[in-house]
Amino acid sequence: MIRATITQPMRVATWFAALWLAGCAFAPPAKPPAPPSPQHYAVQPTSVDSAKADGVTQHFSLGARAVPEWWRLYGSDTLNAWVEEGLRNNPSLAATKHTLEAAHQYLRAQVGANMLPTLDAQTQTSRQKAIGFPDFGPPTNLYDIYAGQLSLSYNFDLFGATRHGIEQTAAQVDQQSYQFDAAKRALAANIVIAAINAASLAEQLSTSERLSVLAHQQADLTERAYKLGAASHDDLLSVQQQAASVDTSIPGLRAQAERARHALAVLMGRTPDQAPTNLTLAELHLPTDVPVSVPSELLQQRPDVLAAEAAVHAASAQVGVATANLFPHISLSASLGTAAFKPADVFTAAGSVWSVGVGLTQPIFHGGALMAQRKAAIASYNAALAQYQQAVLNAFQNVADTLTALDQDALTLQAASSQATTAGLAFADTDARYRLGSVSYPETVLSEQHLQSAKLTEIQARAARMTDTAALFQAMGTPPVASAR
């Protein structure tokens with residue numbers, strides 16, 4: 001029988017290999033489990049085309065990637081300039097950008113401080129007074145010391161504590177980078193939605209003010225008829241109540257319109273008194289081609305989901321750090337320098353000093369702190385996994401809700417436009433007959449009231465369709481860099 005002889009170098013190599021393999025298994029998987037991939041987002045499959053409303057049919061491009069600067073599809077140079085100004089000047093976005101830069105620099109510092117040896121130069125000059133030996137020489141000694149040295153130190157990362165720590169910081173940098181992308185995307189969407197809301201509220205206010213004028217005309221005409229005995233007291237009270245109701249809605253609507261302009265100004269980095277002049281809804285063109293990415297690609301485009309995935313990676317690395325802290329830490333230190341009692345002797349061979357040392361620290365008893373830290377890291381990892389799963393579900397729900405809203409927005413606007421068109425034709429007919437003397441003026445006023453009420457509903461429906469389209473572009477996330485070129 002031939003027996004294999006295991007030499008001492010082989011034992012050492014086997015021991016180091018076992019340590020390295022153990023270090024690799026200290027952390028759980030950095031990538032979360034595969035998320036669900038539904039066949040379609042909402043309860044009902046997404047329609048390729050929306051209902052035609054206001055002369056526009058929106059086409060949903062299934063499987064398309066997100067659009068980088070989607071706000072340009074609204075066809076307004078003014079809106080484009082507002083978004084660009086906001087991306088340049090918004091303080092919250094600037095703060096997020098600087099926070100990301102700080103995270104990058106902290107990662108560089110951590111890599112330099114832990115992955116590479118440290119070398120320091122030290123100099124010292126001191127004057128000391130010491131007690132002399134009894135019965136020998138003076139009772140005290142007074143002397144100077146001049147010294148200088150280079151110190152080198154390095155920590156061996158046998159169990160991956162340093163590597164996992166840097167991996168955790170790098171994942172946190174990725175997380176903040178995705179959060180910065182999400183902040184830019186959200187800011188652009190908020191500016192577009194604020195501009196649409198401001199335009200809509202301004203038009204609603206104008207229409208409501210016209211309704212107020214008509215309501216008061218109706219009340220005046222009814223009061224005259226009441227005095228002539230042609231209308232009852234109940235008729236008079238009813239129209240006066242209607243006029244008061246319209247008047248009551250106007251101050252609140254005016255306040256909403258002003259707040260929308262203030263919000264838009266702040267989003268752009270301006271003070272509220274520098275709010276821009278409102279656009280009109282007619283200046284904005286509803287995007288006709290809207291991308292709807294497949295669910296698997298959506299998760300690679302949504303910054304919030306990618307940030308949650310990076311958080312899982314960071315939590316995994318933290319488990320590796322906490323586990324590695326249970327094992328020995330080995331460090332190497334060395335110094336080379338010179339010291340003397342006179343400045344002239346500092347750089348002579350007689351004054352040279354040096355030292356070399358290897359340190360090993362094995363945790364033995366820390367009151368259960370190290371194990372508790374590891375258990376806490378594992379619990380944080382499991383929490384990050386659950387948060388990632390929730391982020392995925394929220395992303396799918398976000399898209400499903402906006403698709404459903406857009407589908408219903410088209411039907412609502414279709415009905416509102418039909419109502420406004422019918423009311424417009426009825427008013428034109430009533431007004432023509434009034435001019436011919438076949439109907440009374442109160443009937444004309446009532447007909448225009450119906451028209452203005454229909455216009456108010458149409459304005460609201462048109463704005464809702466535009467804002468929900470912006471919300472869908474926002475829900476699609478940020479396209480990968482390669483597809484954005």
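Author: Gladly, and please keep in mind throughout that this is a predicted model. Gln105 sits in helix α3, which covers residues 91-114.

Reader: How far apart in space are Gln105 and Val173, C-alpha to C-alpha?

Author: Although 68 residues separate Gln105 and Val173 in sequence, their C-alpha atoms are 9.7 Å apart in space.

Reader: What is the geometry of the pair made by Tyr154 and Phe156?

Author: The ring centres of Tyr154 and Phe156 are 5.2 Å apart and their planes stand at 85°, so that pair is edge-to-face. Tyr154 is partly exposed at 27% relative accessibility, and Phe156 is partly exposed at 39%.

Reader: Which residues make the nonpolar surface patch?

Author: Phe156 belongs to it, along with Leu332, Leu336, Trp354, Val356 and Val358, and the patch has an area of about 680 Å². Strands β5 (329-340) and β6 (352-361) each supply at least two of its residues, while the largest share, three residues, comes from β6. Leu336 lies in strand β5 and, at 56% relative accessibility, counts as exposed.

Reader: What should I compare when I look at the length of helix α9?

Author: Compare the span that the helix reaches with the span expected at 1.5 Å a residue. Helix α9, residues 441-475, has 35 residues and reaches 51 Å from its first C-alpha to its last, close to the expected 51 Å. After α9 comes Gly477, whose phi is positive, near 85°.

Reader: Which residue has a positive phi although it is not a glycine?

Author: Most residues other than glycine have a negative phi. Here Asp54 has a positive phi of about 60°, and its place is in the loop between α1 (8-24) and β1 (59-62). Asp54 is partly exposed, with a relative accessible area of 40%.

Reader: How many salt bridges are there, and which parts of the chain do they link?

Author: The count is 13 salt bridges. In one of them, Glu297 pairs with Arg65, the closest N and O atoms being 3.3 Å apart. That pair links distant parts of the chain, because Glu297 is in helix α6 and Arg65 in the loop between β1 and α2, 232 residues apart, and Glu297 is partly exposed at 26%.

Reader: Which salt bridges does Arg72 form with Glu69 and Glu84?

Author: Arg72 meets Glu69 at 2.7 Å, N to O, and Glu84 at 2.4 Å between the closest N and O atoms. Arg72 lies in the loop between β1 and α2 and Glu84 in helix α2, so their pair ties together parts 12 residues apart in sequence.

Terms used: Residues numbered from 1 in each chain as written. Predicted model: local features only at pLDDT ≥ 70, side-chain atom pairs only at ≥ 80, totals over all residues. Heavy atoms only, no water. Helix = DSSP H or I, 4+ residues; strand = E, 2+ residues; numbered from the N terminus. Phe/Tyr/Trp six-rings, centres within 6.5 Å; stacked < 30°, edge-to-face > 60°. Buried < 20%, exposed > 50% of the residue type's maximum accessible area, 1.4 Å probe, protein only. Patch = residues over 30% accessible without salt bridge, like charges linked within 9 Å, V, L, I, M, F, W, Y side chains within 5 Å. Areas by Shrake-Rupley, 256 points an atom, 1.4 Å probe, with all protein chains shown as cover. Salt bridge = Lys/Arg side-chain N within 4 Å of Asp/Glu carboxyl O. Expected span 1.5 Å × (residues − 1).
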